[in-house]
Amino acid sequence: MSNVSNVRALAAETLYNVVDKGASLNQELPFASQGLSPKDKALLQQICYGVLRYLPSLENYCQHLVEQPLKGKRRIFQFLLYVGIYQLQHMRVPPHAAISETVNALQQLRALGLKGLINAILRSFQRQQTELEEKAKQIPVCLYNHPNWFIKQVKEAYPDNWEDILEANQQQAPMWLRVNQSQFSTQEYSEMLTANDIEHTLNPDFIDGIKLSKPRDVFSLPEFDTGACSVQDAAAQLAARYLDPQNGDAILDACAAPGGKTCHILELADADVLALDSDATRLERVKQNLERIGLGADLQCGDASQPHTWWDEEQFDRILLDVPCSATGVIRRHPDIKWLRRASDINDLSTLQGDILDSIWPLLKPGGTLVYATCSVLPQENQQQVAKFLANNGDAEHIPLHSEDTKTTPGLQLLPGESDGFYYAKLVKKA
């Protein structure tokens, strides 16, 4: 990416790389943010997240406003239009500043000849905004700002509250902390936050969690650098609690990166943990997280679906299996998921999840516990996956996590709202 300081130009480049080239926003944003002030970094993030949240609507407006869509090498200027329109529609930037800054981006994108066109289109949007918004609302993809295939699957799975799920995906996710119980109780850390004038709330459903009233820099949190707390969504904090680690347990955390759940297990028990991940770069993140909280695990680079390549034949007391999934429960944190995922991915992921579950089950001791987890809201990856496994494995006993968690509809499905969308099922191997 070119080293430009105009935030709108950077946003257009980043969005082009994500939507058209299939790059991940998580990788692109840090790259684009290099050398920016904290204020500009925040603005870049806000614009990129916003455009990805409202992409179908923005595309629809441009279809009405642009006679000839900008294609090929000019596609980046199509994204610059989305950046401009998003600011006019959703941000508190004064309209004249939003337009002039967006037009100025052309200097850094080396396309000064398009100044008149971009300026005219943005001004047309201003004049026709109400009318364009009304037209877009007639189209489901624009009304909900999700791809058709996803709207259809969510509607099918959640006939009573599908709109709430789509609505929640459009909101900014809250910032949750997980208190390191080996250093402080949740109550003690809450008192430390209060003493530092950091507004927050507690929720009895998430005993290790504290929700901040507004996001803030982690290094402004008391004793963050010595591991007093970690940033982790409330739903993800349930993984280690459902696993219920005990002192002396041999535990496998399969698909462990970036390591939040590995750290949580070790904060709750003095256990021998093997943290496995197939990505060596992401395993480095696990190591950094463990170093900050001052706890240790064995790290192993390996494929969970191929245990014969890394397993030493010693069975585990507990296994946390947080499998690769569609990540449709964390869209509000990663709005690019909506445009990077395809309907066909769900079948492929479902097959992979089944393979991993079948491959990992023999590694569990008789009497041992396995927690299956995803950050998906789609039944194919969740209830259906576990129900199929239970039907095929007579030595797997299903442990209900709540009253409606039955053998035919197993597990706990959390939907995005107070926490992210997550799924858990707890299985014990019959002795």
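**Notebook: cores, salt bridges, a cavity and backbone exceptions**

I started at leucine 44, which, leaving aside its neighbours within four places in sequence, is in contact with Val7, Leu10, Ala11, Leu29, Ala32, Ser33 and Leu36. Contact here means heavy atoms within 4.5 Å. Before going on I noted that the model is predicted: local features need pLDDT of at least 70, side-chain atom pairs count only at pLDDT 80 or more, and totals for chains, interfaces and linings use all residues. Residues are numbered from 1 along each chain as its sequence is written, and side-chain values use heavy atoms, with hydrogens and water left out.

**Entry: nonpolar cores**

I looked up the largest nonpolar core and found 53 residues, of which Leu44 and Val51 touch the most other members. The term covers buried Ala, Val, Leu, Ile, Met, Phe, Trp, Tyr and Cys residues joined through side-chain atoms within 4.5 Å. For burial I used these limits: buried is under 20% relative accessible area, exposed is over 50%, and partly exposed is in between (1.4 Å probe, protein chains only).

Helices H1 (7-19), H2 (25-33), H3 (38-53), H4 (55-65), H5 (75-90), H6 and H7 each supply at least two residues of this core. H5 gives the largest share, ten residues. Helices (H or I, at least four residues) and strands (E, at least two) are DSSP runs, numbered from the N terminus. Another core lies apart from this one; it has 48 residues, among them Leu266, Ala275, Leu320 and Ala327. As background, nonpolar side chains tend to be buried together in soluble globular proteins.

**Entry: salt bridges**

I counted 13 salt bridges in the structure. The criterion is a side-chain nitrogen of Lys or Arg within 4 Å of a carboxyl oxygen of Asp or Glu.

The side chains of lysine 135 and glutamate 131 form a salt bridge at 3.6 Å, N to O. Both residues lie in helix H7, four residues apart, about one turn of the helix. Lysine 135 is partly exposed at 39% relative accessibility, and glutamate 131 is partly exposed at 44%.

Aspartate 208 and arginine 241 meet through their side chains at 2.7 Å, N to O. Aspartate 208 is in the loop between strand S2 (200-202) and strand S3 (209-212) and arginine 241 is in helix H12, so this pair ties together parts that are 33 residues apart in sequence. Aspartate 208 is buried, with 2% relative accessibility, whereas arginine 241 is partly exposed, with 33%.

The side chains of aspartate 420 and arginine 332 meet at 3.0 Å, N to O. I placed aspartate 420 in the loop between strand S11 (412-414) and strand S12 (422-429), and arginine 332 in the loop between strand S8 (316-322) and H15, so the pair ties together parts that are 88 residues apart in sequence. Both aspartate 420 and arginine 332 are buried. Salt bridges that share partners join Asp233, Arg332, Arg333 and Asp420 into one network.

**Entry: cavity**

I found one cavity of 30 Å³ or more. On a 1 Å grid over the protein atoms alone, a cavity is a set of points where a 1.4 Å probe fits but cannot get out, and lining residues have an atom within 4 Å of a point. The largest cavity has a volume of about 40 Å³, where volume is the space filled by probe spheres set on the points, and grid points are joined across faces, edges and corners.

Its lining consists of His146, Pro147, Trp149, Phe150, Thr328, Ile331, Ile337, Lys338 and Arg341. Helix H9 (148-157) and helix H15 (337-340) are the elements that give two or more residues to this lining. By class I recorded five nonpolar, two polar and two charged residues. Ala, Val, Leu, Ile, Met, Phe, Trp, Tyr, Cys and Pro count as nonpolar, Asp, Glu, Lys and Arg as charged, and the others, Gly among them, as polar.

**Entry: backbone exceptions**

Most residues other than glycine have a negative phi, and most peptide bonds are trans. I noted arginine 110, not a glycine, with a positive phi of about 55°. Arginine 110 lies in the loop between helix H6 (95-108) and helix H7 (115-136) and is exposed, with a relative accessible area of 78%.

Aspartate 244 also is not a glycine and has a positive phi of about 55°. Aspartate 244 sits in the loop between helix H12 (234-243) and S5 and is partly exposed at 37%.

A cis peptide bond joins alanine 257 and proline 258, with omega about 5°. I located proline 258 in the loop between strand S5 (250-254) and helix H13 (260-268).

How values were computed:
1 Å grid on protein atoms, 1.4 Å probe; cavity = no way out; pocket = protein on both sides within 12 Å on 5 of 7 lines; lining within 4 Å.
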